[in-house]
Amino acid sequence: MISRLKELFSEKNESAKKGFLKKGFSKSGFQKKEFHKREGSSLISVIIGVVFLSAIGLTVLTVSTRYAVTTIVDRNSADNFYQTEGILEEVRTGLLEKAGDASEKAYKEILENYTSEKGSMKEKYAKEYLSGFISTLMNDDITYDPKNIDDNLGKLQECSDKTLDLLKGMTRVPDAVKVKENTKLEYVFNYDKKSGYSMTLKNLIIDYTNPADYRTTIDTDIVFRVPDYKFQGDSTLDELKDYIVISDDTLSVADTMKPSFTGSIYTGNFDEGIRVGTQSNVTFAGKDIISRGNLNVYTGANVSLAGESGTAAGNLWLQNICLKPYGAEGSSLSTQFTMNENAYIANDLDIEDNNATVTLAGKYYGYSYNKENDGSSTEMANADYSSAILVNGMNTTINGEDLDKMILAGRAFVDQNDKNMASASSSIMTGESMSVRSNQLAYLVPDSFVESNPMATGDFSTIENSLKTSLKDDPVLGPYLKPGEPYTANYSQDGYVFLFLNFASEQKANEYFRDYFDGTLAEKAETNNSSMMKDEEGNPIVGTDQLRERAETYLTSATNMNNNKFSSNLYLIAGNIVYNYDATDGGPNMQAANYYDGSGKPQAALLADGRA
């Protein structure tokens, strides 16, 4: 080619020379060197351009070829990766199906045995689920016990030889499912306060080579978390497992029945929550007995509140405990009521039945002082919200020798009727927290102020105003009484009215009964030459003797609260308690009120305990 170029240049130079000569140029004027140089430069430029374009074309062709090769490789690699990932997804889907079966079985197990034992249902479900799931992965070669999960938290455990076969069966390419070299398929349980229990399957790999000889390996651990099922009311229902009776009505034990209740009880009837029929024999043994209403025990029944399992005192929450008469008056049947509980009684222990024996042990909290149990309240004590022990039945025995603690935040009241024989808006306050019915004598207006008490309604109307003045101005009684209303009238159906003293405050009611019982009132009457504490012959009346004589109808000689535990450290009472009417040795036989602080208000800490 170079030779040809030389020939072309030579021919062109000769032609150029001939052409110039014909136009009259002389040989000497022809610039041969310059003309030759100009022609060669253009040709070289052309050649360089052609070569450059060829180089570009070759480069473009090379790049295109390499791009095409890279694209093909990337596409095949991506296809292989997605195929491998698809195999992993098939295994994962198979595992989720097994997990779903385990979850269904665990959930059913929890619901069917919800009351068999206590504890968090969510936690129990988690353990049932994980243990069932791993047992399935073992292909039931090993059955995992849920109780072992907590003991093995964080510990690697080997899977069964059948587990890998199970995983292989979940995909269309079983040979791709493998275990890391020099390892075994393992699992581990973990627990986190935030996310709860979980299980991790370890050392699994998916190794797949496609027909084009492209290979992808995915090394993975698969984590299984427990489904977040909400067991609504878990904590509440957990408590209810101990209950054998839950009712918004009355738990009624029929007459002469002899059942035994082992477990907690709740009833919602506001009046009679639990009814124990006449001549029945009933034992309650449970952690909690709760009722919105009363526990009513009828004549001849034998009731034992034995506490939890008969060994530890349970909790008893009631409005009232009432021992009620049933059948003809004067029945010779006796009623037995034995309690070893932490008893929380909103109102009273009212013994209305005759021939009743009441044995109290454990702790007795008659916790109500007023409606809100609030010492800042200005309202007077009210019978509806004032806890006391009342003895209204004859031949009653009360044994409190085994009491560890007693709180009577309220006091006894006398029911009151107005002129129309309707229940009055308030009751007649006494100075006692435990009172025998016959002690009402102490609160009657003395005969020295009226002709008789009770008196005919018509006779009373003629002395109402004068009686107010005489009581208010009396140097013995006046300091205890409310100045504007020193007495209260209580009307009976047979046309008589009973006149009771009306005290200025709870504290004054307490002081009056104490002074009446221990003889201080008689001494004051003697000092002031008053006849109020003297009999018809003018002899002084000793309150202790008078109350003991009348109480003999209501209390047996064995009735007493006289034990060495009866002290201010263990007993907190709003009013006085005569705990031994038969004391003759000069020893103490009355517990004075110690519920109040120095200002006459109930102790704040005790009221707070009652509200709780």
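Which side chains meet in a salt bridge with an N to O distance of 3.8 Å? The side chains of Lys-482 and Glu-485 do; the legends below place this pair among other close-up views.

The structure is a predicted model, in which local features need pLDDT of at least 70 and side-chain atom pairs count only at pLDDT 80 or more, whereas totals for chains, interfaces and linings use all residues. Residues are numbered from 1 along each chain as its sequence is written, and side-chain values use heavy atoms, with hydrogens and water left out.

**View 1. Salt bridge between Lys-482 and Glu-485.** A salt bridge places a side-chain nitrogen of Lys or Arg within 4 Å of a carboxyl oxygen of Asp or Glu. Lys-482 has a relative accessible area of 36% and is partly exposed; Glu-485, at 44%, is also partly exposed. Here buried denotes under 20% relative accessible area, exposed over 50%, and partly exposed the range in between (1.4 Å probe, protein chains only). The structure holds 17 salt bridges.

View 2. Strands (E, at least two residues) and helices (H or I, at least four) are DSSP runs numbered from the N terminus. Asp-219 bridges to Lys-180, with the closest N and O atoms 3.4 Å apart. Asp-221 meets Lys-202 at 3.0 Å, N to O. Relative accessibility is 36% for Asp-221 and 23% for Lys-202.

**View 3. Strand β15 (residues 314-318) and its partners.** In a regular strand the side chains alternate between the two faces of the sheet. Strands pair if DSSP finds at least two bridges between them. β15 pairs in the parallel sense with β12 (residues 288-291) over 3 bridges, where Leu-316 is the bridge partner of Ile-289. With β17 (residues 335-345), β15 forms 5 bridges, also in the parallel sense, and Leu-318 stands opposite Ile-345.

**View 4. Salt-bridge network of Glu-123, Lys-127 and Asp-150.** These three residues are linked to one another in a network of salt bridges.
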